Amino acid sequence: QRSQLEKRAWIKLALSCTAEAAQQPANHSSSETRHFNVGKAMLAVIPATLDLSHSRQTVSDIQTLSAALEHSPHVYYLNLQLIECALEARHFQALGAGLGHVKELHLFGNVGLQEGGLSSLASAVKSCQVASQLETLNIQRCGLTEQNSSSIVQVTHVFPKLRRLRLGRNTVRTRGVVQLSGYLISS
């Protein structure tokens, strides 16, 4: 696993290179990592899977990551993993704009989702008017209960391409399941 410093360095590198990348042609290699030319060096900026799991991210880190994802012309269908990062509502608000290219979002074990995080994520994506590509949302073991059911439905509305919603290890009981299934039937 990468250390927290390495992960932050990656985020800062991605953001600093984004402006230069927009003016240079992409070199799409056959590997899973997208590359672009910066001067004579070839830099790998946005990998197909970006795993920042088990690291404490500040709101500033998340804003930097979101900006890098939002403005990079060389991000295609990213798998973003922020598993057990102790993210709170303010982190999810900062992440919203960067989710346009994210195809899979893994937020497993972030209990901040139950305390307004889901609503913050939904409102951030909606306010940015991001054309979301998200197909998989993993929010397992986030402490979600029946009280969070309306927030879960709200999130499904802002991600129209969502095909897989992983809710395991939460306590969304009968009322919550009825509310979710009602939305799924009507859509």
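Tutor: Start with one rule: buried means under 20% relative accessible area, exposed means over 50%, and partly exposed lies in between (1.4 Å probe, protein chains only). This is a predicted model, where local features need pLDDT of at least 70, side-chain atom pairs count only at pLDDT 80 or more, and totals for chains, interfaces and linings use all residues. Residues are numbered from 1 along each chain as its sequence is written, and side-chain values use heavy atoms, with hydrogens and water left out.

Student: OK, is Glu 84 buried or partly exposed?

Tutor: Glu 84 counts as partly exposed, because its relative accessibility is 26%.

Student: Where is the place of Glu 84?

Tutor: In the loop between strand E5 (78-81) and helix H3 (89-95). Helices (H or I, at least four residues) and strands (E, at least two) are DSSP runs, numbered from the N terminus.

Student: What is the phi of Glu 84?

Tutor: Near 50°, which is a positive value in a residue other than glycine. Ala 86 also has a positive phi, near 55°. Ala 86 sits in the loop between E5 and H3.

Student: Which side chain meets Glu 84 in a salt bridge?

Tutor: Arg 141, at 2.3 Å, N to O. The pair links distant parts of the chain, 57 residues apart, with Arg 141 in the loop between E7 and H5. A salt bridge needs a side-chain nitrogen of Lys or Arg within 4 Å of a carboxyl oxygen of Asp or Glu.

Student: How many salt bridges does that rule count?

Tutor: Three. Another one joins the side chains of Glu 135 and Lys 103 (4.0 Å, N to O). That pair is 32 residues apart, with Glu 135 in the loop between H4 and E7 and Lys 103 in strand E6. Glu 88 and Arg 90 meet in a salt bridge too, at 2.9 Å, N to O.

Student: New topic. In what order do the strands form the open sheet?

Tutor: E4-E5-E6-E7-E8, five strands with parallel pairing. The edge strands, E4 (49-51) and E8 (164-166), each pair on one side only. Two strands pair if DSSP finds at least two bridges between them.

Student: How many bridges join E6 to E7?

Tutor: Three, between residues 102-106 of E6 and residues 136-138 of E7. Leu 105 stands opposite Leu 137 in E7.

Student: What else does Leu 105 touch?

Tutor: Leaving out residues up to four places away in sequence, its contacts include Leu 80, Leu 99 and Leu 121. Contact means heavy atoms within 4.5 Å.

Student: Which residues touch the most other members of the largest nonpolar core?

Tutor: Leu 80, Leu 99, Leu 105 and Leu 107, out of 37 residues. Among the elements supplying at least two residues each are H2, E5 and helix H6 (174-186). A nonpolar core is a set of buried Ala, Val, Leu, Ile, Met, Phe, Trp, Tyr and Cys residues joined through side-chain atoms within 4.5 Å.

Student: And H5, how many of its residues are buried?

Tutor: Seven of ten, so H5 is mostly covered by the under 20% rule. Among them are Ser 151, Ile 152 and Val 155. Leu 118 is in contact with those three, among others.

Student: Where is Leu 118?

Tutor: In helix H4 (residues 117-128). Leu 118 counts as buried, because its relative accessibility is 0%. Ala 89 is 29 residues away from Leu 118 in sequence and 7.5 Å away in space, C-alpha to C-alpha.
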